[in-house]
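Me: I have a structure to go through and have not seen it before. Can we take it piece by piece?

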Amino acid sequence: QEYTCIKLKVLEWSKEANELFGEKPEFKDKEIYFVAATLRPETMYGQTNCYIGTEIDYGFFKINETDIFICTYRAARNMAFQGYSEERGKVNQLAEIKGSILIGTKVKAPLSKYEQVYILPMENVLQTKGTGVVTSVPSDSPDDYITLMDLRKKAKYFKIESSWADYDPVPIIRTPNYGDLSAPNVCVQKKINSQKDRVQLAEAKDIVYKEGFYNGIMLVGDHAGKPVQEAKPLIRNLLVSTKQGFIYNEPESLVMSRSG
Ligand code: ZZB
């Protein structure tokens, strides 16, 4: 499976992370990024936040003189064999912490309409897939949309400040059958209520994927007006050439889908 990894730069740590890392000399003058694996680089204009699992362990990995990546150890190890480490095949881990500590960290999401967005919790993040970091595009991903609605409804329960989830889905792709906000529309049609509705969410994802890919037209960005199929590789190349992203391959046998 070939993913595009998106680099979301840390702008301000959550309170707990700041207590742990704010003063650490090895992090000074470094650029620290959450790296999110996506199959939909053309949707990055619609990022409203970024999801991690609260119970997942995340590592801080030194990639070169300037960059530190936050992701699962598994992903860092794969990356070390793909040119993203100081020495081929060698992982340099500087720290490890539970996702919960990182919730509320403010990051810069490349191409997003929003200047800064927050790291938020999602129950269905898989430790065994991608980087364990999932950038959120509620306009075009049913999982992302329904999780955002869950967070808004139950901010206290999820231990977040409600303002962190106060970023509306952005219309970025027009579709003939589900309009300009295909994921919210399909969720409403299928009466999906929460992240726990896993079976319906998997069906919704399948519908939204196909509709976006085969029938979608870009509404925003350098390739507005072009079909998604045409814009996708162009936007992927833009992200890679501007170093806001990079290509990450996952060995096929390791890929597990959220839908099972
Ligand atoms: C942004 C995005 C925008 C995504 C969209 C999807 C959609 P698949 O098809 O099952 O392989 N993802 C990546 N890593 C994880 C993880 N560890 N746990 C849970 N979800 C993860 O799914 C690939 C997609 O699953 C990735 O692409 C990522 O979300 C998420 F508009 O990135 B995507 C209709 C889907 N739309």
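Me: What should I know before starting?

Reply: This is a predicted model, where local features need pLDDT of at least 70 and side-chain atom pairs count only at pLDDT 80 or more, while totals for chains, interfaces and linings use all residues. Residues are numbered from 1 along each chain as its sequence is written.

Me: And the names with H and S?

Reply: Helices (H or I, at least four residues) and strands (E, at least two) are DSSP runs, numbered from the N terminus.

Me: Start with H4 and H5. At what angle do they cross?

Reply: Roughly 75°, and the axes of H4 (residues 142-153) and H5 (residues 182-189) come within 8 Å. That makes H4 roughly perpendicular to H5. Axes are lines fitted to C-alpha atoms, for helices over the stretch in contact, and angles run from 0 to 180 degrees between N-to-C directions. Angles under 35 degrees count as roughly parallel, over 145 as roughly antiparallel, 65 to 115 as roughly perpendicular and the rest as oblique.

Me: Which residues meet there?

Reply: From H4, Pro142, Tyr145 and Ile146; from H5, Ala183, Pro184, Val186 and Cys187. Two residues are in contact if their C-beta atoms, placed from the backbone, lie within 7 Å. By class, the H4 contact with H5 has seven nonpolar, no polar and no charged residues. Ala, Val, Leu, Ile, Met, Phe, Trp, Tyr, Cys and Pro count as nonpolar, Asp, Glu, Lys and Arg as charged, and the others, Gly among them, as polar.

Me: How does H4 sit against H6?

Reply: Their axes come within 8 Å and cross at roughly 130°, so H4 and H6 are oblique to each other. Pro142, Asp143 and Ile146 in H4 meet Leu201, Ala204, Lys205 and Val208 in H6. That contact has five nonpolar, no polar and two charged residues.

Me: Back to H5. Why is it called largely enclosed?

Reply: Because six of the eight residues of H5 are buried. A residue is buried if 20 or more other C-beta atoms lie within 10 Å of its own, exposed if 12 or fewer, and partly exposed in between, with C-beta atoms placed from the backbone. The buried ones in H5 are Ser182, Ala183, Pro184, Asn185, Val186 and Cys187.

Me: What covers them?

Reply: The cover includes H4, strand S10 (173-174) and H6.

Me: What comes after H5?

Reply: Lys191 follows H5, in the loop between H5 and H6. Its phi is near 50°, a positive value in a residue other than glycine.

Me: Is Lys191 buried or exposed?

Reply: Lys191 is exposed, with 8 other C-beta atoms within 10 Å. Leu111 also has a positive phi, about 75°, although it is not a glycine. Leu111 is in the loop between strand S7 (106-108) and S8, and is buried, with 22 other C-beta atoms within 10 Å.

Me: Now the strands. Which ones pair with S2?

Reply: S1 (residues 2-12) and S2 pair in the antiparallel sense over six bridges. S2 also runs parallel to S5 (residues 67-71), joined by four bridges. Two strands pair if DSSP finds at least two bridges between them.

Me: Which residues come nearest the ligand?

Reply: Of the 21 residues around the ligand, Thr38, Lys129, Gly130, Asp140 and Ser141 come nearest. S2, S9 (133-136) and H6 (198-215) each give two or more residues to that shell. A residue is near a molecule or strand if its C-beta atom, placed from the backbone, lies within 6 Å of it.

Me: Which element gives the largest share?

Reply: H6, with three residues. The shell divides into eight nonpolar, eight polar and five charged residues.

Me: Last one: where is Pro121?

Reply: In strand S8 (residues 117-121). Pro121 is buried, with 21 other C-beta atoms within 10 Å. Not counting residues up to four places away in sequence, Pro121 touches Tyr51, Ile52, Thr54, Ile103 and Phe158.
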